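Take a look at the fold below. We will walk through it piece by piece.

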Amino acid sequence: MNRPAANDLTHWKPLADLALACAPLETLATDEQGAETLRIDTCGLYLDFSKHRVNDEILANLLALAEERDWQRRTEAMFAGETINTTEQRAALHTALRAPRDAQPETIGDVVHEQLTRLNKFAASVIEGGWRGYTGKAITDIVHIGIGGSHLGPELAVEALRDIPSRLTFHFVANVDGSVLESALANTDPETTLFTIVSKSFTTLETRENATAARNWFLERTGDADAIARHFVAVTTNTEAATAFGIDRANLFPIWDWVGGRFSMWSAVGLPILLATGAKGFSALLAGAHAMDHHFATTPAERNGPLLAALLGIWNYNFLGVNNHAILPYDHRLRLLPNYLQQLETESNGKSVRHDGSAVGLHTMAILWGGEGTTGQHAFHQMLHQGTRAFSADFIVAREADHPWPEQHRWLLANCFSQSQAMLLGQDTDDPHKQVDGGHATTTIIMDRLSPHTLGALLAFYEHKVFCQGLIWDINSFDQWGVELGKRLADVIFEQLGGATTLTQDDSTHALIKRARAASNPEQS
């Protein structure tokens, strides 16, 4: 279907005009009645969009953009399993991974809950000590090997939910830098370590190299290839490669082509989460995500949290000149959230062409970065308050603490709210060195408390935000072809670093290769 470019939509030009005439941010924020429409309480999350530079007219035009893009019908298409990933001719059915059995799309039947039953049985045997290593000892350590979507979600969730008691210790390996694997294995015992390898293709460079190195480490210490069956499991579609690696077919869990990597933590990819939180915790995570799915699919546009977040992002990025977006979790357990959202948002929507291959013709996803509060206040917040770059920000905090120091939590909340207030109002002073202009748009998300349910809802909220922004820009949020170029170039350079005599690189890369080779073999320089 041919669709107009975003800036050819009927309501795009009126929004551009409104941006030029828009009142200062602090003026709009003091309109309490209007601001209250931008506060939404759902799924254990309080979503406060009131510190954005919008009024009723702007909001109405933004909502009209979504209607022009037929967001409700296209949302239904995603949930039903239609082929919305047009460049790979696939569905994007991550929502089915957390839907109850009676709400599964007909196109996939019962495969999700059949796998979940099997995963729960396997995880219970590890957690309870029934699954034994090759010498009969219970598993104590989990080393998870993956990268990108096979890594970021599971690590985030395991770190965020560490308050749930577990006798297992978790280690995550993604980077091909050998020091990461070395650190993970430093205090592990091969007799009590279980490796979970996640790679859809089982050929991803970083995962392949780290998994091979881990297997070599294991075999050097055990001298028993048969023992691999008790210590290695895999999540993959390439069962032949996994079994050739030495993994028993009984220890393989499939992942389907309708599950994109960065949307996959709800599947068998989330096995470390299941091992860390147990069936009850993982079920609550899925339930929280499903609750947000239901909110997104059934709530009118003007009260729809993910849709409003997406439209306000469009407003900031495309009309107000905001070129970067900060994620500021005020919870140590969520310190990996900026890393996770960097992939989810920028890999999904960092695109320059539309579904039909034509140029988008305007900016898409802003640069996304961030860091943990309150430590960030003593580092990069100086730039946010008095720097020259336009930005927007999300503050995320839990209303209730899970530790016995209430005064510290009150200070955490005070700092979170005061920072967003300072970004809104700034500070007028006769001393230019102390002047803070303010006027920066921020969203504050308050979780009732950080739990599996609210974490699931939070991450699903961001997933649907990404989807909606992709609709407005008319881009495919579910592919990542730009990642492939660097991989192909690395294959050639890897051989050249190993001594291949023909260097066909540009002069700069040629010099870098020669310098690196000289360190290990002066004769090759």
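The model is predicted. Begin with the open sheet of six strands. Its order is β1-β2-β11-β10-β8-β9, and the pairing is mixed. Strands β1 (39-42) and β9 (367-370) stand at the edges. Each has a single partner strand, so one side of each is left without a neighbour in the sheet. From one strand to the next, the twist averages 15°.

Now focus on strands β10 (residues 392-398) and β11 (residues 441-447). These two run parallel and are joined by seven bridges.

Helix α13 (residues 337-349) lies across β8 (324-329), β9 and β10. Its direction is at about 170° to β9. Helix α15 (residues 406-425) lies across β2 (45-51), β8, β10 and β11. This helix runs at about 160° to β10.

Next, the nonpolar cores. In soluble globular proteins, nonpolar side chains tend to be buried together. Here the largest nonpolar core holds 117 residues. Within this core, Trp 315 and Leu 337 touch the most other members. Helix α16 (residues 452-473) gives the most to the core, with 13 residues.

What does Trp 315 touch, not counting residues up to four places away in sequence? The list is Leu 15, Leu 18, Ala 19, Cys 22, Arg 53, Val 54, Ile 58, Leu 62 and Leu 320.

Turn to a helix pair. The axes of α5 (residues 71-80) and α11 (residues 271-298) come within 9 Å. They cross at roughly 145°. Helix α5 makes the contact with Trp 71, Thr 75, Met 78 and Phe 79, while α11 uses Asp 293, Phe 296 and Ala 297. By class, that contact has five nonpolar, one polar and one charged residues.

Finish at Thr 192. This residue lies in the loop between α8 (178-185) and β5 (193-198). Is Thr 192 buried or exposed? Its relative accessible area is 9%, so Thr 192 counts as buried, the cut-off being under 20%. Leaving out residues up to four places away in sequence, Thr 192 touches Lys 137, Ala 138, Ile 139, Thr 140, Asp 141 and His 231.

Notes. Residues numbered from 1 in each chain as written. Predicted model: local features only at pLDDT ≥ 70, side-chain atom pairs only at ≥ 80, totals over all residues. Heavy atoms only, no water. Axes fitted to C-alpha atoms, helices over the stretch in contact; angles between N-to-C directions. Helix = DSSP H or I, 4+ residues; strand = E, 2+ residues; numbered from the N terminus. Contact = heavy atoms within 4.5 Å. Nonpolar A, V, L, I, M, F, W, Y, C, P; charged D, E, K, R; others polar. Pairing = 2+ DSSP bridges. Core = buried A, V, L, I, M, F, W, Y, C linked by side-chain atoms within 4.5 Å. Buried < 20%, exposed > 50% of the residue type's maximum accessible area, 1.4 Å probe, protein only.
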